[in-house]
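Please read them with the structure open.

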Amino acid sequence: MGASDSKLVFKQGIFRLSEDKIIPADDPYWASFWELPESTEDVFSLFSPNDIRRTRDTALENLETLILAITSRLFILRHHPSFPDPEFAPERDALNCIRILTRILPYIYEAEQLQPWEDKFFWGVRRKRTRKAALARDVLFDESQEELAKLEAAGEEFEEVKPLAEELIDTLIDLLFFADFTLPRPQNTKNKVTYAIWQSGVGCNTSVGTTKEFESNRTEILRLLLTLTSQSMYMSANLLPVQGVKAISYIVTCPDKQVVLSTLCSLLNTTLKYNPASWKIPYNVQVFKDPKQILVTYALQLLLLILLYPIPETDPAHAKKNFYRHFLGRLHRPQDFQFITDGMTRILNAPLNASSSYIPGNPTKFTSEMIMLFWEITQCNKRFRSFIIDTGRSHDFLVLIIFYAIEYKLDSSKQGVVRMCVFLLQTLSVEPNFGKNLNKRFEAQETLPPTIRLQNFNGTYADFLIHSIYNIITTSQGKLTAIYPALLAVINNIAAYLEDLSASASSKLLQLFSSMSSPGFLLANDSNHDLLQSLLESINAIIEHQFIRNPNFVYAVLRNKKRFEALRSFTLESGQEEIERMNRRRKERHDPNDLSESRRGSVDSIRSPTISHSRAPALSDVPEEDGTFAIGADEDEDTDDDHRPTPAESTPTEQPSRASSVSSSVDDAVPTQLRGMSEKARGKMPAGMPTFSRQNSTTSLSNYTTAGFSTNGAFEPTAQWIDSWLTELPLHTILTLMDQLTPLLPAPNRSSTDTPSASILHVIQSAKVTSIEPSPIRIQYFEWSPLSLGWYESLLWGFAFTSEMQVQKGTVGVWNGTAIKLFRVEAVAPSGPTLSSPRGAVDAVGSNIVSRIGNLNLRGVGGGGSAQDAQSPATERPERPQVSRTGTGDGSRPGLIRTAII
């Protein structure tokens, strides 16, 4: 039969699925599904979404029989002594079974009404005739009536066997390590399944060898495993971490150590040995298919999926642990850490090296996933954190993380990546040596990409980090308010170890203080004062622990004396008066032709919270720059504060409502900041509590903020509310320092320059300061909440969906066109070809992942979306901005948003 004939017969057979009501299970027809297709493309092009949905909705019995026939055939092949054998147990049959299952599973998952059936069919305990019963049914000779009665009784003996989904997953894992199918035939054993690690690297010093065919077969199996676990995409983010996915729970709780370690090391080594630079790229890269890259992408995504998965408390497997995450955390050999570090650096460096001389079609498409892998390892393996810090590699990773954070800070499709980068910085910053090593001089600054290069920079890595954090906060146009607390936590964690801060870095920290202590910022919502408190604690830590070594910083603090004193006497009335005064001043200076002024107009509505408090500030209200508010006259009051960037009037998400249900905690969509803990306090934590708790719980060791109050979605500050936090601000150390040093400084110090003279530095360094005692160094951690885990999982699935979507580049579009609930998929307007990205008409049509959670960071405004919102975007309220859980930003301007994959 020719290729076209077999395709025609296969298509006719697909029609029969929905046309015949019940096709018998023993009908030879079922064999056509594993005998006729000749490629993955055949299955996906001929077995259309309409065919699958029509069968699912009108002939479910046939779909059920198809799955049973396909899985039975796959199980038989797995246990066949000759597999793979072209005549007796063809490899083609197994691959077609895998392809058919990959094709139809998403359409089962998308049908919510089938959930009870799916759960029973795939996860219910099955009854199967025993081997004795099966043999008894085959009577070869005439027997006496008595013997026949015994045989008949034996033929009805049944035994319980594991659920279909569990047997399928076990079979697929075995096939990943199957001789002559995915691995070379071993020489010294007859066992077909050897669990040999695919590549050298972690856990293996020698490669077993491979072929393109073996790698292609691995790709098919990994794709099906991803599809099996993709039930996540058909659940809402607030439900996903609470309910979980049984397929992932079963995989991660596998008790067989050899299976776990072989799978973990194979996926890890395959990912980290990939070298995009070794592959030559044709100019017409848009039609280029790299099978190796597709294999690596699937391996990395499946690895991440099982590493970050939190076993739900309601899951029967909750008492077990995620063994993949457990064993990754147990790695300890320096050579393994060196291999991991080199592999991640190679992938992450590719876009950074290409940023100055961009070659069209850079093939590295999974840098986002690699950042996620780096974050996962740093969270679960303290030894790895110590390794990269003690060997100095943390400096390289610091530059890489800062590059991605700043490169994507304004890209709505990459907000999730930026958030990951910031929390990754916080994860590293909990190690004391990280802060100490930042005092190293930063050489070769001029070799950095333009986006993160600092002009005329001559400082340390600490100076570079502080400049970068200031940059992220003040120029992100309000897109990143959710991670202000994490950025300030990074400063807090390194503050006690900083030495010889430059005058410019010191100035940046004090400019942040000036902005965050302004009335407009403090009165904008009920939690901004926590950001100010965090920054003040960092300032105190520098003064208390490193006073002598930071004269530039002390000078910067002294120059802001009036601001600190005014903050101490801050009241509701004085704050509102200052806001009104600044509004009048801005109106008087307003020039219709001044673009910088027009950018500020969008936040006028929140200048006076007592007058205009009908709603909380929206992210779209925040301009790139905004004037700070002087609390009192300062030594450099001649400078124009209106042109100093300020953080957006933040509504941080670290204000969890622990008493409320998970589904209503829309604000809690990034990890929760915990109060800073001293070493002594950390020692009192519950036994076995990990440093970065992945415990899927609605409880917390401590809350980051003290709740203010909110009424009907509106915040209105009161004098009592101000008194509740103003007296708690840690101003004593700073004011004591000012009282003792100000009289010692000569009058000329009241200049507008950030850099003190040598004589002033000498006075500061030789001064004897009393009554300032170093307080215990406090480290600020974060903790995962259920909804933040939902955000994190949806971020990963967003990466998987967008990478799989590019069908013309070698993938098959497993989830294209299905009813995703974890995020919303929007078509974007085609973009034409450019010199850096020549594309054809088909390639110009993209899709975009936009999350459904509304008001991710906006307290007091009507909250998150439902599953119906994902299907009916037109019914959403226009005033509710859609902010991304998957890193794709607000959904208000879909035509301007790119896909979420890097």
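Which side chains meet in a salt bridge at 3.1 Å, N to O? Point 2 takes this up.

1. Basis. This is a predicted model, in which local features need pLDDT of at least 70 and side-chain atom pairs count only at pLDDT 80 or more, while totals for chains, interfaces and linings use all residues. Residues are numbered from 1 along each chain as its sequence is written, and side-chain values use heavy atoms, with hydrogens and water left out.

2. Arg16 and Asp27. These are the two side chains that meet in a salt bridge, at 3.1 Å from N to O. The term stands for a side-chain nitrogen of Lys or Arg within 4 Å of a carboxyl oxygen of Asp or Glu. The pair links distant parts of the chain, 11 residues apart: Arg16 is in helix α1 (residues 3-19), and Asp27 is in the loop between α1 and α2 (32-35). Helices (H or I, at least four residues) and strands (E, at least two) are DSSP runs, numbered from the N terminus. Arg16 counts as partly exposed because its relative accessibility is 26%. The classes are buried (under 20% relative accessible area), exposed (over 50%) and partly exposed in between, with a 1.4 Å probe and protein chains only.

3. Salt bridge total. A search of the whole structure finds 30 salt bridges.

4. Arg53 and Glu110. Here the closest N and O atoms of the salt bridge are 2.7 Å apart. The partners are 57 residues apart and link distant parts of the chain: Arg53 sits in helix α4 (residues 49-58), Glu110 in the loop between α6 (91-109) and α7 (115-123). Arg53 is partly exposed, at 22% relative accessible area. Glu110 is buried, at 10%. A network of salt bridges links Arg53, Arg56, Asp57 and Glu110.

5. Arg126 and Glu167. The closest N and O atoms in this salt bridge are 2.4 Å apart. Arg126 lies in strand β1 (residues 126-129) and Glu167 in helix α10 (residues 164-175), so the pair ties together parts that are 41 residues apart in sequence. Arg126 counts as partly exposed at 22% relative accessibility. Glu167 counts as buried at 18%.

6. Positive patch. Lys257, Lys321, Arg330 and Arg383 form a positive surface patch. Patch residues have over 30% relative accessible area and no salt bridge; like charges are joined within 9 Å, and nonpolar side chains (Val, Leu, Ile, Met, Phe, Trp, Tyr) within 5 Å. Lys and Arg count as positive, Asp and Glu as negative; His and the chain ends are not counted. Arg383 belongs to helix α19 (residues 382-390). Its 44% relative accessibility makes Arg383 partly exposed.

7. Cysteines. How many disulfides does a search of the whole structure find? The search finds zero, with a disulfide taken as a pair of cysteine sulfur atoms within 2.5 Å. Cys97 counts as buried at 0% relative accessibility. Cys254 is buried too, with a relative accessible area of 18%.

8. Leu522 is in helix α26 (residues 519-522) and is buried, at 0% relative accessible area. Phe564 is in helix α29 (residues 561-568) and counts as buried at 0% relative accessibility. Phe564 and Ser517 are 47 residues apart along the chain, and their C-alpha atoms are separated by 8.7 Å.

Notes
Areas by Shrake-Rupley, 256 points an atom, 1.4 Å probe, with all protein chains shown as cover. Charge placed at Lys NZ, Arg CZ, Asp CG, Glu CD.
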